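Here is a short tour to read alongside the sequence and the model. Keep the 3D view open and follow the elements as they come up.

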Amino acid sequence: MSKCLFFNKFKEFISQYKHVVIVSHVNPDGDAVGSSLAFYFFLLKLGIDAKVIIPNDFPSFLAWMPGIENILIFDKNSEKGVEYLNAADLICYLDFNHPSRTGLLHNDLCHCTKTPKILIDHHRDADYSQFVEYLSDVETSSTSELVAELIQYHGFDEYLDEKIATCLLVGIMTDTGSFSHSIYHPETFELCGKMISSKVDYQLIHNKIYNTFSENRLRLLGYCISNRMTILDEYHTAYIYLTKADLENYNYQVGDTEGVVNFPLMIDNIKMAVLITERQGVIRFSFRSKGEFSVHELAKAHFNGGGHTNAAGGTLNCSIEQAVDAFVKVLPQYKTLLNK
Ligand code: 5GP
Ligand code: MN
């Protein structure tokens, strides 16, 4: 379905529902939270009862966002979360397209087989057959940009306010690394310009997102780069790994490793960067690339993951040593592509 068709039908479609639940992905980032909250505020303006559920906590640098206190964090209050899901007559997936991306929420979400679902997302490989309607475009910076387009279609004059503009800018800013990548068309800047000019203090938002590190978080970043970064020149690749003990040493808080993976890409000739982190019982991979090399394909083929061409994630159930080993072992298959 084209974007326009979705926009055009949207008001009539959504007015059929009374209790809408918005769900986003595990380890929610600025776009997951920003797009969900903006969509939530928009639905409230349309007179629709809406709730937002995220599987686990958001990073502390998002704690100031408008409406954040209204989000239900499933792993802290799963009973209420199940209540919301059971009462929902529509479930909206924002910023992910497969229930396997919802962590602890996965099982309960899969039980809602009779509840219609819609998708608003910019990730690849969506299975549209799960959804009654969808707004999905991989060539859009962020889910927040899609929500911004939806709201603009219905009239920024009527619906955009400071809260919505703030949430949308957070999502677009974080998913584009402060407007440095994943921008496919000038409309991204035009939309942001419109939101900034009337409603919000952009520099203040930027400061709240990027300049609120704890001392430990900045020292952890330094440690990652000085002690844990390995460069594999032959593959134009750099990886950083962090053990549970490393995280404990720096009193790790949710969100503290956000952005770390981008730093090795600052080196000339590095085309892929990877952060491998030991989390509760699993190993998380965060992949980034510059140019055409697709980390989505690599994450999908070897690390039970996916995402976008230049940013993807994955997981393995193994030790950190095995995870590093597994990563290094797949590189020869990609040598030609990485040397292009
Ligand atoms: P991050 O490295 O910041 O966790 O994730 C980068 C991008 O890849 C995000 O857009 C995120 O939604 C997506 N992503 C992260 N982990 C996974 C995963 O396990 N599966 C899929 N399909 N996408 C992922
Ligand atoms: Mn996103």
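## Starting in the parallel sheet

Let's begin with strand S1 and strand S4 (residues 90–94), which pair in the parallel sense over four bridges. To find this pairing on screen, look for Val20, whose bridge partner in S4 is Leu90. Please keep in mind that this is a predicted model.

S1 (residues 19–23) also pairs with strand S2 (residues 49–54), again in the parallel sense, and here there are five bridges.

## The whole first sheet

Put together, these strands belong to an open sheet of six strands with parallel pairing, in the order S3-S2-S1-S4-S5-S6. S3 and S6 stand at the edges with a single partner strand each, so one side of each has no neighbour in the sheet. On average, neighbouring strands of this sheet are turned by 20° against each other, direction ignored.

Helix H1 (residues 3–14) touches S4, S5 and S6, and its direction makes about 140° with that of S6. Helix H3 (residues 78–87) touches S1, S2, S3 and S4, with its direction at about 135° to that of S2.

## Helix H2 and its crossover

How is the unit made by S1, helix H2 and S2 handed? This β-α-β unit is right-handed, with H2 covering residues 30–45. H2 has 16 residues and reaches 22 Å from its first C-alpha to its last, close to the 22 Å expected at 1.5 Å a residue.

Of the 16 residues of H2, 14 are buried, so the helix is largely enclosed by the rest of the structure. Gly47 follows H2 and has a positive phi, near 80°.

## The manganese site

Now turn to the manganese ion (ligand 2). Which residues are its protein donors? They are Asp31 (OD), Asp95 (OD), His122 (NE2) and Asp175 (OD), lying 2.2 to 2.4 Å from the ion. Along the sequence, the donor residues are spaced D-x63-D-x26-H-x52-D.

His122 is buried, with a relative accessible area of 1%. Asp175 is buried as well, with a value of 16%, and the cut-off for buried is under 20%.

S11 and strand S12 (residues 311–316) pair in the antiparallel sense over two bridges. At this pairing, Gly306 stands opposite Gly313 in S12.

Is Asp246 buried or exposed? Asp246 is buried, with a relative accessible area of 4%, and its place is in helix H11 (residues 244–249). Leaving aside neighbours within four places in sequence, Asp246 is in contact with Tyr223, Arg228 and Tyr241.

Finally, have a look at two loop residues with positive phi. Asp125, in the loop between S5 and S6, has a phi of about 60° although it is not a glycine. Asp125 counts as partly exposed, at 48% relative accessibility. Asn251 lies in the loop between H11 and S9, and its phi is near 50°, a positive value in a residue other than glycine. Asn251 is partly exposed, with a relative accessible area of 47%.

Note on methods. Residues are numbered from 1 along each chain as its sequence is written. Chains are lettered from A and ligands numbered from 1 in the order in which they are written. This is a predicted model: local features need pLDDT of at least 70, side-chain atom pairs count only at pLDDT 80 or more; totals for chains, interfaces and linings use all residues. Side-chain values use heavy atoms; hydrogens and water are left out. Two strands pair if DSSP finds at least two bridges between them. A crossover is right-handed if, with the strands pointing away from the viewer, the path from the first strand over the helix to the second runs clockwise. Donors are N, O and S atoms within 2.8 Å of the metal (3.2 Å for Na, K and Ca); water is not among the atoms, so sites may look incomplete. Buried means under 20% relative accessible area, exposed over 50%, partly exposed in between (1.4 Å probe, protein chains only). Axes are lines fitted to C-alpha atoms, for helices over the stretch in contact, and angles run from 0 to 180 degrees between N-to-C directions. Contact means heavy atoms within 4.5 Å. The expected span of a helix is 1.5 Å times one less than its number of residues.
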